[in-house]
Number of protein chains: 2
Amino acid sequence: MADRSRRRFLAETAAVLAAAPFVSTRATRARAQASRKLGFALCGLGRLSTDQLAPALAKTKYCRLAGIVTGTPAKAEAWKARYGIPAAHVYSYETMHRMADNPDIDVVYVVTPNGLHGEHAIAAAQAGKHVFCEKPMEISVERCQRMIQACRGAGRLLGIAYRCRFEPHHLECIRLARERVFGRPLIVQAGFGIKVGDDAGWRLRRELAGGGALMDVGIYALQATRYLTGEEPVLVSAVETRTDPAKFAEVDESLVWTTRFPSGVVAYCSTSYNAGGIQNMRVNAERGWFELDPAFFYGGLRGRRSDGQEIRFPRIDMFAAEMDDFARCILEGRPTRVPGEEGLRDVRIMQAIYESARTGRAVSLA
Amino acid sequence: MADRSRRRFLAETAAVLAAAPFVSTRATRARAQASRKLGFALCGLGRLSTDQLAPALAKTKYCRLAGIVTGTPAKAEAWKARYGIPAAHVYSYETMHRMADNPDIDVVYVVTPNGLHGEHAIAAAQAGKHVFCEKPMEISVERCQRMIQACRGAGRLLGIAYRCRFEPHHLECIRLARERVFGRPLIVQAGFGIKVGDDAGWRLRRELAGGGALMDVGIYALQATRYLTGEEPVLVSAVETRTDPAKFAEVDESLVWTTRFPSGVVAYCSTSYNAGGIQNMRVNAERGWFELDPAFFYGGLRGRRSDGQEIRFPRIDMFAAEMDDFARCILEGRPTRVPGEEGLRDVRIMQAIYESARTGRAVSLA
């Protein structure tokens, strides 16, 4: 990476003020220099791992699928056969601490239900592995803090899988906002709603999911308001609705919320587990606007600007991009733009959104 | 109008529960039967009257420009010359009570600053005229109530100029929502923001305008959430921002708000006097969505549906449509779908939005 590009790249991550210190060991560096590929173990073999992460790993430059953690023996067999994973690299949640003895695994990517992220991330860190973790980071601020502490204590890097932070349409929108191409942003709108089926499993259980639509997809809209403005909200106000209380007995179904940021920009957002087809983000600025719609799918993103220009880039594999970036951060001993602190911020704001919906009061985050 | 069409039309106005009683006098009916055109006096000759209403009156079937009320003698001369208005049909705000003696004027269309609507509407009603009034109806609930009482007391019809209620794209969206073509509506999004210049005059003065962006353009978004759902909000929650406090010292610049309706549908909305280019409305329902963007201009409206169909109708003159409808309501002795009670509801909700923004608490409207 040229020095100038590197400086620009680092400037982009300026929001990451306190990067967790971690050690890029001589062994890791030596291995990396040999193969340039870090070994990833996927922890949790649900749909995301099966349909997205394993195929994405095959497309990465700096990563390779090196191991799995699963509680389902049949899945272990299928993955061993399909990806040629040696038996010694297959773990259960009970045995994953033994990874400490496996130098082929550098990173554990935690893809289990939200409420188990902390347990598995901490186990991985204690086994000496770097941790990449699906969003939402965990279901409480306290658990997020424990994850950060565990990785810091083990000298390992912790990253949260915010794939849009590596996607060209989103990066272009961030540039348009930060460089004030249409003047100062004033009003941001973002929403992500999907219709979940009755097969949503743990996503409808409070203990495992921690919340519903907001924790799962609303977090994309929340993130968007934060990375588009480059600011942290100081006030949130939310209204919740549950039109199918039987299905959504334990988790939120639909929420709309508003936020105010320090510079004065405001945002209005929505999320739903019962209304599909909502997935856009839009910045209304002093002299124009720009938007992505759809904004949050894995592909097919499309953007428009008030000057008539399109925002259009070739499709990339966002999962490959985020894993490659995380691997490079490890290899180069630099912070990630999506550290645990970033995951914690969203969890804190989401808790405030829930509190506001529950109490009928705006919640200050200043 | 065929009986079936008439029944459908009346069903559309079912929300208008308590229509103000009024008298369609024998004289009015006789004149109307002769000419089929009611005489409209425009009260307030600003940009809207000049650029929209006078040209629109020429396109109506049931109305004609019969008089003017203005405080500016030069305007009176120009309008007399341009439209052939006899001197006896030209009034000032001080002399408009004399309209009582002018049988050629049936309706006074009040187009003065918001905070003067009440005074002029009441003067018109007391002169025996029906009253059509620009939105927002007035700047307080109490003033709206006085207007309703004055018209009711005089036996005259009172209508508020909600032009979108007569526009085919909006009527089609209302149909899509009410007939649940995409299932039950769950989340409505609407926003209207314009960038006002330094020449915004009385619109930036609290005493005359009563408020800023919300009262002037946000009201379109608010109305949309109400006519799309066919319900009255029970809870509103708002966040305000002022990025240009010098210009917007007296009135609101930008607001985002959320509302909940009795059936459970929620809405998230925005308005601004500093961010142009926001003007859309969208219904996210159980099995799809539909939207207009742009939604609130005088023309060029364009709609999309989740099934790929466009929502597209020929442009109409919305001002001509709303005036013709009001004239027909008078001629046929039936209620309008935009009575004073409808204007009052919006003013009440807007006051609640301001209160929520001020106090940081959700405001109950139940």
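Trainee: How far apart do the end C-alpha atoms of residues 39–161 of chain A lie?
Mentor: The model is predicted. By helix and strand content, residues 39–161 of chain A are 39% helix and 20% strand. The UniProt record, an unreviewed entry, gives these residues of chain A the feature "domain: Gfo/Idh/MocA-like oxidoreductase N-terminal". The distance between the end C-alpha atoms is 17 Å.

Trainee: What is the strand content of the span at residues 175–291 of chain A?
Mentor: UniProt, again in an unreviewed entry, annotates residues 175–291 of chain A as "domain: GFO/IDH/MocA-like oxidoreductase". The end C-alpha atoms of that span lie 13 Å apart.

Trainee: Is α6(A) roughly parallel or antiparallel to α11(A)?
Mentor: An angle over 145 degrees counts as roughly antiparallel. Helix α6 (residues 141–154) and helix α11 (residues 340–359) of chain A pack at about 175°, and their axes are 9 Å apart. The relation of α6(A) to α11(A) is therefore roughly antiparallel.

Trainee: How many nonpolar residues does the contact of α6(A) with α11(A) have?
Mentor: From α6(A) come V141(A), C144(A), Q145(A), I148(A) and R152(A), and from α11(A) come G340(A), E341(A), L344(A), V347(A) and R348(A). In this contact, 2 residues are polar and 3 are charged. The number of nonpolar residues is 5.

Trainee: Which are the edge strands of the sheet in chain A?
Mentor: The sheet is open, with 9 strands in mixed pairing and the order β14-β13-β12-β11-β7-β10-β9-β8-β15 (chain A). An edge strand pairs on one side only, and in chain A these are β14 (310–311) and β15 (363–364).

Trainee: Which residue is the bridge partner of R282(A) in β12(A)?
Mentor: β11 (residues 274–285) and β12 (residues 288–292) of chain A are antiparallel neighbours joined by 5 bridges. Within β12(A), R282(A) has as its bridge partner E291(A).

Trainee: At what angle to β8(A) does α11(A) run where it packs on the sheet?
Mentor: Helix α9 (residues 213–229) of chain A lies across β7 (185–195), β9 (254–260), β10 (266–272) and β11 of that chain, at about 160° to β7(A). Helix α11(A) also packs on the sheet, and its contacts are with β8 (235–241), β9 and β15 of chain A. The angle between α11(A) and β8(A) is about 60°.

Trainee: Which residue of β14(B) is the bridge partner of G303(B)?
Mentor: Strand β13 (residues 303–305) of chain B runs antiparallel to β14(B), and 2 bridges join them. The bridge partner of G303(B) in β14(B) is I311(B).

Trainee: Are α9(B) and α11(B) roughly parallel or perpendicular to each other?
Mentor: Angles of 65 to 115 degrees count as roughly perpendicular. The axes of α9(B) and α11(B) lie 10 Å apart, and the helices pack at about 110°. The two helices, α9(B) and α11(B), are therefore roughly perpendicular.

Trainee: How many charged residues are in the contact of α9(B) with α11(B)?
Mentor: The α9(B) side consists of L214(B), M215(B), I219(B), L222(B), Q223(B) and R226(B), which meet residues of α11(B) including E342(B), R345(B), D346(B) and Y354(B). Of the contact residues, 8 are nonpolar and 1 is polar. The number that are charged is 4.

Trainee: Where does P136(A) have its place?
Mentor: Most peptide bonds are trans. The bond from K135(A) to P136(A) is cis, with omega near -10°. P136(A) sits in the loop between β5 (130–133) and α6 of chain A.

Trainee: What is the phi of R180(A) near?
Mentor: Most residues other than glycine have a negative phi. R180(A) lies in the loop between α7 (168–178) and β7 of chain A. Its phi is positive although R180(A) is not glycine, and the value is near 50°.

How values were computed
Residues are numbered from 1 along each chain as its sequence is written. Chains are lettered from A and ligands numbered from 1 in the order in which they are written. This is a predicted model: local features need pLDDT of at least 70, side-chain atom pairs count only at pLDDT 80 or more; totals for chains, interfaces and linings use all residues. Side-chain values use heavy atoms; hydrogens and water are left out. Two strands pair if DSSP finds at least two bridges between them. Helices (H or I, at least four residues) and strands (E, at least two) are DSSP runs, numbered from the N terminus. UniProt positions are given in the numbering used here, feature names are shortened, and annotations may be inferred rather than shown by experiment. Axes are lines fitted to C-alpha atoms, for helices over the stretch in contact, and angles run from 0 to 180 degrees between N-to-C directions. Angles under 35 degrees count as roughly parallel, over 145 as roughly antiparallel, 65 to 115 as roughly perpendicular and the rest as oblique. Contact means heavy atoms within 4.5 Å. Ala, Val, Leu, Ile, Met, Phe, Trp, Tyr, Cys and Pro count as nonpolar, Asp, Glu, Lys and Arg as charged, and the others, Gly among them, as polar.
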